[in-house]
Amino acid sequence: MKKLLLATAATALVAGAASADEVKLGVILGFTGPIESLTPDMAAGAEMAMAEVSASGNLLGGMTVTPIRKDSTCVDAAAATAAAEELIAEGVAGIFGADCSGVTGAILQNVAVPNGMVMVSPSATSPGLSTVEDNGLFFRTAPSDARQGVVMAELLKEQGVGSVALTYINSDYGKGLADSFQAAYEGMGGTVTISAAHDVGKGDYSAEVAALSSAGGERLVVAGYVDQGGGDIVRASIDAGAFDLFHFPDGMIGDALPATFGADIDGSYGQAPGSDNPGYQTFVSLAEGFNGEGTYASESYDAAALILLAMQAAGSTDPNIYKEYVESVANAPGEPIMPGELGKALEILAAGGDVDLIGATGVELVNGGEAAGSYRVVTFEGGEMVTAEYR
């Protein structure tokens, strides 16, 4: 039996090892679960950066990049951890992802840190991830919800909304955002009439909506996920006549929202990470076969680009070496790099120069790998989601 196990392990190592001219990157997102309508654009954005680097032929003497997709489920920490362990076994040199904060934290603590693996998330926004022990391996291109909560509170107060009911997904993401928002909103003189958690995957949300409706409020803030839970709360609220105006944070902002509810949510607002820097429009114009304006698609491009540029700057695909270069390629000084210019960036780095990835989101990393970031504010008019401003 021992010989069989050793033989199996050896086979796994051979199967997982990358060839000398190939680097494997994990792409771990919730391809199933409560944000499954968002993740195709996110994966496509990341893989666009990988394809651009491969096509240039400039990565570490001509290496190509091979993405390996795994499903985080967004909500099942055990499944996400197992998926990440599969990526380690398959020989990845970095992990793009994960997406939702709870599974990201689980992968980081259970897989990435023990295995010395770099992770760059485009969308894990829990404030708790700012202080987790990560050995310098974790970075994110979306800003923390410590900031999103303040932005959301400011928007509501500027619109003259004095009271809201608040429901949030029962997860690290939902609780962190709810706490951040409530503290900011009440600090600005607003009233949160109720703050209540909800779960995903229930068939009936009438009890949750009844409690929210009873507490009252000028709007219902739904800090949930568009495909499960949050979207169900909205439907139940509309059907019961409990609320007709909503405010949606990033987990709800996607094409599925107006497609599902149409004019029923006209007059509502929301926000998600987004940028109006010139690189964003360039990224959108270069996106083929997917929606470049999709939520977190641009952050995904930048996340994958950071990993690959850091490898080039370090002259190595070893995460424990190139992790030291992620911030330097993200920030000034250096040649500004826009989407479509990753091949140029690799050439500059190979020659010993410096680059500053502007990317699709105006990348700037602060405080040990945190994104400074900005937000796209949206409103819903005539059954469509419309960008109102950036802040």
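**Close-up 1. Polar contacts of the Arg-140 side chain.** In this predicted model, the side chain of Arg-140 makes a polar contact with the side chain of Glu-370 at 3.1 Å. A polar contact is a pair of N or O atoms within 3.5 Å; within protein, one must be able to donate a hydrogen and the other to accept it, and residues adjacent in sequence count only if both atoms are side-chain atoms. A polar atom of the Arg-140 side chain also lies 2.8 Å from the backbone oxygen of Ala-124. Arg-140 sits in strand 5, residues 138–140; helices (H or I, at least four residues) and strands (E, at least two) are DSSP runs, numbered from the N terminus. With a relative accessible area of 1%, Arg-140 is buried (buried means under 20% relative accessible area, exposed over 50%, partly exposed in between, with a 1.4 Å probe and protein chains only). Leaving aside neighbours within four places in sequence, the residues in contact with Arg-140 include Ser-121, Thr-125, Pro-127, Leu-365 and Gly-369, where contact means heavy atoms within 4.5 Å.

Residues are numbered from 1 along each chain as its sequence is written, and side-chain values use heavy atoms, with hydrogens and water left out. Since the model is predicted, local features need pLDDT of at least 70 and side-chain atom pairs count only at pLDDT 80 or more, while totals for chains, interfaces and linings use all residues.

**Close-up 2. The disulfide of Cys-74 and Cys-100.** A search of the whole structure finds one disulfide, defined as a pair of cysteine sulfur atoms within 2.5 Å. This bond joins Cys-74 to Cys-100, with 2.0 Å from S to S. The link of Cys-74 and Cys-100 is left-handed, with -95° about the S-S bond. Cys-74 lies in the loop between strand 2 (64–71) and helix 3 (77–89), and Cys-100 in the loop between strand 3 (95–97) and helix 4 (101–115), so the pair ties together parts that are 26 residues apart in sequence. Cys-74 is buried at 3% relative accessibility, and Cys-100 is buried at 4%.

Close-up 3. Helix 11 covers residues 297–314, and its 18 residues should span 26 Å at 1.5 Å a residue; the end C-alpha atoms are 26 Å apart, which agrees. The expected span is 1.5 Å times one less than the number of residues in the helix. Gly-315 follows the helix and has a positive phi, near 70°.

**Close-up 4. Surroundings of Phe-181.** Phe-181 lies in helix 6, residues 172–187, and is buried, with a relative accessible area of 0%. Residues up to four places away in sequence aside, Phe-181 touches Gly-149, Met-152, Ala-153, Leu-156, Val-164, Leu-166, Val-192 and Val-221. Phe-181 and Ala-146 are 35 residues apart in sequence, and their C-alpha atoms are 7.9 Å apart in space.

**Close-up 5. Surroundings of Leu-59.** Leu-59 is placed in the loop between helix 2 (39–56) and strand 2. Its relative accessibility is 0%, so Leu-59 counts as buried. Among the residues that Leu-59 touches, not counting those up to four places away in sequence, are Val-23, Val-65, Leu-308 and Leu-346.
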